[in-house]
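My plan was to look up a few things and write down each answer as I went.

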Amino acid sequence: MSASRLRRVAVLVLEGAKPLDVGIPAQVFTTRASMPYEVRLCGAAPGLVTGGDGLSYHVADGLDALAWADIVFIPGYRFPDRDDPPQAVVDALIAAHDRGARLAAISTGAFALAATGLLDGRRATTHWHYTRALVVRHPLVEVDENVLFVDEGSVLTSAGAASGIDLCLHILRGDLGVAASNHAARRLVAAPYRSGGQAQYVPRSVPEPLGERFADTREWALHRLDEPLTLEVLARQAAVSPRTFSRRFVAETGYTPMQWVMRARIDMARELLERSQRSVEQIATDVGLGTGANLRLHFHRILGTTPSEYRRTFAQGE
């Protein structure tokens with residue numbers, strides 16, 4: 001996929017739409033010189049849409065925007081476990097998907113996406129408060145209540161509102177590369193590196209200071225990816241035993257510590273491939289993978305492509 005091609009984003013505002021859920025994709029993909037996206041807010045029909053939490057929205061476009069869009073976001077809305085969207089909305093979402101658009105639901109927008117049948121037999125998530133209701137209402141959907149977002153290719157779902165940011169950054173990363181995603185995260189003052197497998201919330205039995213300490217350890221590690229980072233080194237930095245660190249780390253992030261370190265190294269390699277002319281051998285040293293052969297091996301295993309192919313796709317200025 002070309003990193004410079006203009007992409008068209010429609011944000012579908014349903015009755016009772018949640019303000020944060022509407023605002024997140026609208027702001028992340030907002031039309032600006034540095035972002036090759038055009039964003040339109042739409043509804044079942046042009047005009048005033050009554051939202052949730054005391055807000056209403058005036059949308060300029062109706063469902064014709066779904067026939068225009070490359071990506072359709074479906075924000076969460078009130079009473080998703082009670083009311084399906086109008087049939088015209090369901091039909092327009094199916095038609096958009098059949099045409100090749102990606103459909104991305106934020107929070108309880110997953111119910112509208114499930115009403116199309118496109119989530120049947122696929123993994124999906126929604127706000128933790130509604131996961132059981134989604135199972136009951138759409139039993140063919142494989143609901144995962146313990147993740148921030150799920151990417152099934154042409155259909156994507158996220159948990160509560162804040163995880164909508166993670167989903168948008170994930171999409172941005174796939175479209176434009178790591179540098180653009182990190183730039184957007186800095187602009188939003190958001191965490192640039194949260195995997196979809198991370199838990200929606202940390203159980204109360206985990207002390208809050210421990211969670212904060214692990215966040216500090218991850219930040220510490222991100223600045224030392226060129227150094228040896230073993231489980232023992234990370235656990236020592238977090239001031240807990242390796243066994244405790246490993247168990248808690250998986251609960252917080254969805255990855256083992258070494259899986260997380262490897263993905264962080266590959267992400268750093270991606271950004272260097274995008275923004276510098278350093279050779280693959282030099283980048284391998286920069287990110288702590290030693291040799292170009294080792295970088296190529298892990299790069300292909302995680303991303304399914306080679307560093308050279310990735311550079312051709314996402315190098316700045318191309």
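My entries follow, from the whole chain down to single residues.

**Entry 1: the whole chain**

I noted at the start that this is a predicted model. I looked up the secondary structure and found 14 helices and 10 strands in the protein. Next I asked what share of the residues is buried. Buried residues make up 49% of the 318 residues. I then turned to contacts between residues at least 6 apart in sequence. Of these, 66% join residues at least 24 apart.

**Entry 2: cysteines**

How many disulfides does the structure hold? I found zero. Cys42 has a relative accessible area of 0%. The cut-off for buried is under 20%, so Cys42 is buried. Cys168 also comes out at 0% relative accessibility, so I wrote it down as buried.

**Entry 3: salt bridges**

I looked up the salt bridges and found 12 in the structure. I followed three of them.

I began with Arg7 and Asp175. Their closest N and O atoms are 3.5 Å apart. Arg7 sits in strand E1, residues 7-12, and Asp175 in helix H6, residues 161-176. The two residues are 168 residues apart, and the pair links distant parts of the chain. Buried or exposed? Arg7 is buried, and Asp175 is buried too.

I went on to Lys18 and Asp53. Their side chains form a salt bridge at 4.0 Å, N to O. Lys18 lies in the loop between E1 and helix H1 (19-28). Asp53 lies in the loop between strand E3 (47-50) and strand E4 (56-59). The pair therefore ties together parts that are 35 residues apart in sequence. I looked up the accessibility of each partner. Lys18 has 27% relative accessibility, so it counts as partly exposed. Asp53 has 57%, and the cut-off for exposed is over 50%. Asp53 therefore counts as exposed.

My last pair was Arg173 and Asp267. Their side chains meet in a salt bridge of 2.4 Å, N to O. Arg173 is in helix H6 and Asp267 in helix H11, residues 257-275, so the bridge ties together parts that are 94 residues apart in sequence. Both Arg173 and Asp267 are buried. I also looked for bridges with shared partners. Arg7, Arg102 and Asp175 are joined into one network this way.

**Entry 4: H1 against H6**

At what angle do H1 and H6 pack? I read about 25°, with the axes 9 Å apart. Angles under 35 degrees count as roughly parallel, so H1 and H6 are roughly parallel to each other. Their crossing is right-handed. I listed the residues that make the contact. H1 gives Leu20, Asp21, Ile24, Pro25 and Val28. H6 gives Ala161, Gly164, Ile165, Cys168 and Leu172. Cys168, which I had noted as buried, is thus one of the H6 residues in this contact.

**Entry 5: His138**

Where is His138 found? I located it in the loop between helix H5 (131-137) and strand E8 (142-143). Its relative accessibility is 11%, so His138 counts as buried. I then asked which residues it touches, leaving aside its neighbours within four places in sequence. His138 is in contact with Asp84, Phe111, Ala114 and Ala115.

Key: Residues numbered from 1 in each chain as written. Predicted model: local features only at pLDDT ≥ 70, side-chain atom pairs only at ≥ 80, totals over all residues. Heavy atoms only, no water. Disulfide = S-S within 2.5 Å. Buried < 20%, exposed > 50% of the residue type's maximum accessible area, 1.4 Å probe, protein only. Helix = DSSP H or I, 4+ residues; strand = E, 2+ residues; numbered from the N terminus. Axes fitted to C-alpha atoms, helices over the stretch in contact; angles between N-to-C directions. Parallel < 35°, antiparallel > 145°, perpendicular 65-115°, else oblique. Left-handed = near helix turned anticlockwise from the far one by under 90°. Contact = heavy atoms within 4.5 Å.
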